[in-house]
Amino acid sequence: MSIKKEQWGTRLGLILAVAGSAVGLGNFLRFPGNAAANGGGGFMIPYFCALIFLGIPICWAEWTMGKYGGQFGFNSSPAIFGVVGRRSIWRYLGVLGLVIPVIVYMYYVLIESWCLGYAASFLFGWIDLGADKSQFTAKSVDYFNSFVGANQDGLMLEGSIHISVIVWLLVFAVNFVLIYRGLSKGIELFCRYAIPVMAICAFVVLIRVLTLGTPDPNQPELNVLNGLGFMWNPKGLQEGESWVSALANPKTWMTASGQVFFSLSVGFGVIINYASYLKRKDDVVLSGLTATSTNEFFEVCLGGLITIPAAFVFLGMAGASQSGTFDLGFKTLPVVFEYMPGGRFFGFLWFFMLFLAAITSSLSMLQPAIAFLEESLGIGRRASVAILGLITGLGSLFFIYFSNGLKALNYVDDTVGNILIVVLALVQTLLFAWVLGVKRGVQFAHEGAEMRLPFFFPFVIKYVTPSYLIIMLVMWVLQTLPEYAKKTLDDPVLKYSFGVVVVTTVFLLFLIRIGGRRWRAETVDKR
Amino acid sequence: MTTGGWIFMVVSIGFVVSLISFCYFRVLRKPAAADHMHAPLDIDTHDLGT
């Protein structure tokens, strides 16, 4: 076990793989909606604060602990947490680093298949919103609901196989073929091509959007500059309020922190796994910062300039105000492309880019569990891929079946995205700063590093980051938990969804127990 | 687009572009470091007696 079976091929490949894991739908759909609805340009103040004091420090902590655990031959969160924390409780807490990516993969692969399905719809002209402009939005909503089966549970699995189920099967298979090929020949190779292609697609769409001018001369106020203004002008949360008042509202800070978290893939269990394949003298500081900055580029420079301005130019404030990922991405933007000259091509390009963004993320969600199954059960890649394929396939079918109103999907996304990733980030921060020790952690991060951690990092990771995370959790408990518990108990679908999370967690805890003995035996002679 | 909007947009994008340029410059200026995870000297041969 102590012999490493896998390794990254190149440093750039690793950076692109981590960046690919971070860049996803959230960069293009969630970020612009959140910014426009929470202070516009003013939102960037809490956003960058969260990035500097929360996102990047946790990133560095994850990279460092991953590299540390890798020196013992471990690649999964439970084993790494165990070796860093030296107590079995940490090993069990490491289950979060598996549950999160595995559960998210179950529904994320579905959304990924929608992106590919929409790309094909634009390419082959399957999506037809008709000639009556007043009906575009209604038809777009109908198309989406029918594509994802949002009108009724079980719709996608009734009678003949629905086209979106076929696309899901295809995307699911591609993910597992790539993951089976391994770290270097699968994930890394794919990301080395996918990220540049994604950037080119995004640039082409960006140029198209920024050169739209004023498409409808009868509505001169609907122009690109005003679209950019809708996104970037600092404003209050309510009409007439000052933008400074938005900064005084804790909700703005919570939303900004949540966005940074979700976007950077911190607290996902992915970075710690990817970094575990590094050697002791490999750099983690510059590599971590480079992967983060790549993600920020896609989010702020591309996502911030494309989505909202495009929606505003054709649909005005009503269209640009859609802040939900699905509303903005799959209901509003198809209408925008219908209006846009050359819209079919640009629609294809846009959704294909989203598909690439999604698949580079979903691949990263599989690798931690693959590594864990290999480590805990002592099995090979073929067996671990088969087991994980079965688990995630069944989970994915659950979300395909309970498709009515996308209730199950949204609920689990809320549960994982708002709670579990914050809990995991807190666990990792405490483990790094208070158990491994900041001094030791920084020393280990600096081994082979091509730049030094900033002077404020030890203080921030020890005091600021955990406090920030604890405040986030306390606020969630006070503001959302009662309503969350009530809706979970009241709705059978949500109860089943909660059950999926619990069953998966218990199963993984059982495997951690099995793996624990082997891991302890392997580390005794290495300390 | 107000002056405030321009300022926030330019500063935000400028910050991110500067950061990514700095990072990739540092990563890519040593082609060998970017292309290979481990230089031969980094391999522990267990014979250095440190």
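Biologist: Which helix of chain A does Leu373(A) lie in?

Modeller: Leu373(A) belongs to helix H16, residues 343-377 of chain A; a helix here is a DSSP run of H or I with at least four residues, numbered from the N terminus. This is a predicted model, where local features need pLDDT of at least 70 and side-chain atom pairs count only at 80 or more, while totals for chains, interfaces and linings use all residues. Residues are numbered from 1 along each chain as its sequence is written, and chains are lettered from A in the order in which they are written.

Biologist: Why is Leu373(A) called buried?

Modeller: Leu373(A) has 25 other C-beta atoms within 10 Å, and buried means 20 or more (exposed is 12 or fewer, partly exposed in between, with C-beta atoms placed from the backbone). So Leu373(A) counts as buried.

Biologist: What does Leu373(A) touch, leaving out residues up to four places away in sequence?

Modeller: Its contacts are Ile379(A), Ser384(A), Ile387(A) and Leu388(A). Contact means that the C-beta atoms, placed from the backbone, lie within 7 Å.

Biologist: Now to the two chains. How many residues are in contact there?

Modeller: On chain A 29 residues are in contact with 23 residues of chain B. H14(A) gives the most to that side of chain A, with nine residues.

Biologist: At what angle do H14(A) and H1(B) pack?

Modeller: The angle is about 145 degrees, with the axes 9 Å apart. Axes are lines fitted to C-alpha atoms over the stretch in contact, and angles run from 0 to 180 degrees between N-to-C directions.

Methods:
Helix = DSSP H or I, 4+ residues; strand = E, 2+ residues; numbered from the N terminus. Contact = placed C-beta atoms within 7 Å.
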